[in-house]
Amino acid sequence: MASVADPVGPSLLVTRLGEALREIRKGDSVTYLTLFLAVVFGFQSWLFQLSVQLALLVVLLAPSMAQRPALWFLLSMAASITLVHERDLADNHKYLLCYWLWVMCIAHIPTDRELRDRIIRFNARFFLIFIFLGAALQKFLSSTYMTGGMFELELLLDDRFRAFGHLVGIDPSLGEENLRRFNLLQHPYVQVLDDKIKLLSNDHVHYVAKLVTLYDFYVQVAIGVLLLFCREVTDMFADLLLLFFIFTTYLPAPVWGFGVTLSVLGFALAKERSQFMSAAYLLAMGAVVVYQVPWGDWVLGT
Amino acid sequence: MTRVPRIVRWAMFCTIPLIAILIAARQLYLHATEDLSTWKGGGMGMFANADNLTRYLKIYLVFGDDQRHPLLHLTDAQWRLEDRALRYPSESNFRALADSIRATAWWAGKEKIPLNVFDSTGQKIRDGTGQFYDLYPAHPRTGPEQADIDIEYWKAKYDPKPLALTGIDIEYWKGSYDPKTMELTAALAQTFVSKD
């Protein structure tokens, strides 16, 4: 047995981790990771919850069932029915989850494993391009995004960004006072002169908002464009940027389901190609799950 | 390796991406024509717009005396309809909210609430002229009764006659922020009027 002091210990650990990772890459890991995604970050409707819990039970008892298109058809249908019912209220990442469940269903129809992997890889690439270039297009067309006004408002009014704002030097009391003023503006028993409020902001907030805007926009454009080339070297840069995006974005932005979905797509694309990137995507997935700790409360001391 | 016909193979690769593109096109169209939020509807435009923060509704019950009483408290189902109308301010979503409000009997609180006037820094300037009852959802309306406010209290304190609900006004407001002046200005984008 290797002890802590044993010089062979760390290298043995690395070797074993490498072997474990190779097994994960050779196996049907995308399938299981998608099931994890659906169970933990799926739709909240009773229909979907019932379906996904039954699916999990079946797969735990008979793991080979995860390769059956019928199982994925059940989940895809439950997701689609929920989505149609909530079509104007469902967040964009719920649409993405639904698409990905259908990809799993279709990919498991052929018995040929190579074809299945190709379908998964093709769709993973497509959806990463679709998400990032679609988001960039909407941001470019938006009247408030490119000016930095959108992120400035998020920093000044959105509770979810208060802890992040505090970390980068924005006084949380600004947000509290701004929210009080905004609540007055929308309160039906209150009349605010000229329907206008002055928000408390400063040069530092402007600067942070501008920086976040530029980072968010250009990283998304770069990921989408790099993936379009389908070349090993551009894919490698896209992987690095996507990993950077996942690790940094989903700490302040509490859309963890989206973060895990991006990690699954990235892993699906990289698993055949790179041991290092595969490990990094799995790590990113774990990081997004860990980001759910109430660190914002700790930072703000609430 | 089983041979899969070319058309089937093509369908396996491209069906879901094509559906995703069509849904995104619908979202872009509805965003342009009916102000569907960029955060919703499958267009992948999250964080493209601050409309998750700056949209709000003001809802009023209109009675026979033509006075509009603000509605602040809704049932859980009505809050969901309100949220839906905010994200997708279409006529059908406003109508669904108005119909639900119409199908509810409302009780008035004991005190009237003054309409106070504030300045842009959130400081109270003065009491406004209007005073309104705080209205609470009581129960679903069951009969053809016209009066919606807690009649016993209303009769004793305000008006001997039952007040007939004549309409519901839903105001859809949008705020726009100017980083240079740091002012957030709200504008009434649309008023949905539902009359009896």
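**Note on the interface of chains A and B and the sheets they share**

1. Between chain B and chain A the count is 27 residue pairs in polar contact, both residues being at pLDDT 80 or more; a polar contact is a pair of N or O atoms within 3.5 Å, where within protein one must be able to donate a hydrogen and the other to accept it, and residues adjacent in sequence count only if both atoms are side-chain atoms. The side of chain B that touches chain A receives the most from helix H1 (residues 6-34) of chain B, with 13 residues. Helices (H or I, at least four residues) and strands (E, at least two) are DSSP runs, numbered from the N terminus.

2. This is a predicted model, in which local features need pLDDT of at least 70 and side-chain atom pairs count only at pLDDT 80 or more, whereas totals for chains, interfaces and linings use all residues. Residues are numbered from 1 along each chain as its sequence is written, chains are lettered from A and ligands numbered from 1 in the order in which they are written, and side-chain values use heavy atoms, with hydrogens and water left out.

3. Contact (heavy atoms within 4.5 Å) involves 70 residues of chain B and 68 residues of chain A. The two chains bury about 6,300 Å² between them, of which 64% is on carbon and sulfur atoms; buried area is the accessible area (1.4 Å probe) that two parts lose on being put together, summed over both. In chain B, the residues that lose the most area to chain A are Phe13(B), Met44(B) and Phe47(B), together 13% of what that side buries.

4. The rule finds 3 salt bridges across this interface, a salt bridge being a side-chain nitrogen of Lys or Arg within 4 Å of a carboxyl oxygen of Asp or Glu. Lys40(B) forms a salt bridge with Asp91(A), with the closest N and O atoms 2.7 Å apart.

5. Both chains contribute to an open, antiparallel sheet of 5 strands, in the order S2(A)-S6(B)-S5(B)-S1(B)-S2(B), where two strands pair if DSSP finds at least two bridges between them. Its edge strands, each pairing on one side only, are S2 (196-198) of chain A and S2 (68-71) of chain B. Within chain B, strand S1 (residues 55-63) is joined to S2(B) by 4 bridges, and Tyr60(B) stands opposite Pro70(B) in S2(B).

6. A further open sheet has 3 strands in the order S1(A)-S3(B)-S4(B), with mixed pairing. S1(A) pairs with strand S3 (residues 104-118) of chain B in the parallel sense over 3 bridges, and Val190(A) stands opposite Asn116(B) in S3(B).
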